[in-house]
Amino acid sequence: MHQSVARQTGYLPGDPEYRKLSVALFAAGLATFALLYSTQPLLPQLVDAFHVSPSQSAFSVSFATFGLGLALLIAGPASEVLGRTNLMRWSVAATSVFALLSAFAPTWHLLLALRGLQGIAMAGLPAVAMAYLREEVHQDSHARASGLYIAGTAVGGMAGRLIAGGLSDLGGWRFATAGIAVVGVLCAAVVWLLLPASRNFHPSAARPHDLFRVLRDPALLALYGIAATAVGAFVAVYNGAVFRLSGSPYELSAGAAGLVFCVYLLGSAGSATAGTLADRYGRRKVVPIGCLITLAGVAITLAAPLPLIVLGLAVMTAGFFAVHGVASGWVPARAHASGVGTGQASSMYLFSFYLGSSVFGGLAGTAWSRAEWNGVAGEAGVLFLVTLVLALLLKNVPSRVQN
């Protein structure tokens, strides 16, 4: 009976397959962010291990996000022909293999190459996750299901940084990188075992012109801009925070500094809550509020006391995941209503997301070298202001879906 309902309307909360889907995509999101940003708490150690500058050490994050962004442009369209489920399964598995190899990289350049390949391998998951949810979940629960997936990425971001920081205190950056790879392997097993096969996916011929169609809708363009600026500011703050907390007057070890990433739990809650509110009040109202929360969080981090810095990071994290959770689910809904490929639109959103992470996140090293925390906070503040402007502009774009 559930299968019949799934074919007609999509899975609803309470359906067994909905629970399996939610757990599998939560694990997939956890693995993606844990592996993608696993080197972020290790930046000071990489500076010492490979004798590179702080701005160069940030390349260990940027190479992975840039490789992911480029591969998304291929993975999304490919999923329209090949299907969603197997692409997501193989993506998580291959990413874990490259993560394990990274732990044994003998040189800086080889480490960067493996991080780039890791980013390329993981593209199959985020490229199609939102399109998969739109096809398999009932339309009344789209935002809720999307919020749960993004919540998994929030927990992954916390777990990856927290575990890496703790393991690096025990055995150095290589031991930490290997430990995160094991987490990826376990999550890959969950995805393979639980992720339901697509029931409402219908293969379609590759249509390269769809890439241009998803660039003509002003609402989609604004959402791509929100993705790039919001995550760029977010990653910049955390890249800079690692150096701030490891330096004077705090002098925290990698493990102690990694505890700060526990605030990612608020990101998970923020994403899930924002998804529920968006279903009730509309996406156009929720996203600007999330932007204001991120700006408030950055402002709080300008204070010197450590508890206030942690509070500021917590507030900013909750706001960011609220914005990203709602915006990322909005993209396939808007694309479907506009008659363009949801995989293409989701890929373009995530390409913008990871391009912003690579470029703006990488600039945090330069901002830190020039003006330390004030420079990093200034960069993030400007980017979040742009995000807010784009969110407000969406209010004036004609609606094609309930948002």
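Contact here means heavy atoms within 4.5 Å, and every view is taken from a predicted model.

View 1. T317 is found in helix α15, which covers residues 306–338. When its neighbours within four places in sequence are left aside, T317 is in contact with F234, Y238, V263, Y264 and G267. With one of these residues, Y238, the side chain of T317 makes a polar contact of 2.6 Å. T317 is classed as buried because its relative accessible area is 0%, which falls under the 20% cut-off.

View 2. The protein is divided into domain 1, residues 15–196, and domain 2, residues 210–402, and the C-alpha centres of domain 1 and domain 2 lie 18 Å apart. To their contact domain 1 gives 50 residues and domain 2 gives 47 residues. The area buried between domain 1 and domain 2 is about 3,900 Å², with 68% of this area coming from carbon and sulfur atoms.

**View 3. Polar pairs and the domain 1 side of the interface.** Between domain 1 and domain 2 there are six residue pairs in polar contact, counted where both residues have pLDDT 80 or more, whereas zero salt bridges are found across this interface. On the side of domain 1 that touches domain 2, at least two residues each are supplied by α2 (16–36), α3 (43–50), α4 (54–57), α5 (59–82), α8 (126–136) and α9 (142–194). The largest share of that side, 17 residues, comes from α9. Sorted by class, the side of domain 1 that touches domain 2 holds 27 nonpolar, 16 polar and seven charged residues.

Definitions and conventions:
Residues are numbered from 1 along each chain as its sequence is written. This is a predicted model: local features need pLDDT of at least 70, side-chain atom pairs count only at pLDDT 80 or more; totals for chains, interfaces and linings use all residues. Side-chain values use heavy atoms; hydrogens and water are left out. Domain bounds come from an automatic or database domain assignment. Buried area is the accessible area (1.4 Å probe) that two parts lose on being put together, summed over both. A salt bridge is a side-chain nitrogen of Lys or Arg within 4 Å of a carboxyl oxygen of Asp or Glu. A polar contact is a pair of N or O atoms within 3.5 Å; within protein, one must be able to donate a hydrogen and the other to accept it, and residues adjacent in sequence count only if both atoms are side-chain atoms. Helices (H or I, at least four residues) and strands (E, at least two) are DSSP runs, numbered from the N terminus. Ala, Val, Leu, Ile, Met, Phe, Trp, Tyr, Cys and Pro count as nonpolar, Asp, Glu, Lys and Arg as charged, and the others, Gly among them, as polar. Buried means under 20% relative accessible area, exposed over 50%, partly exposed in between (1.4 Å probe, protein chains only).
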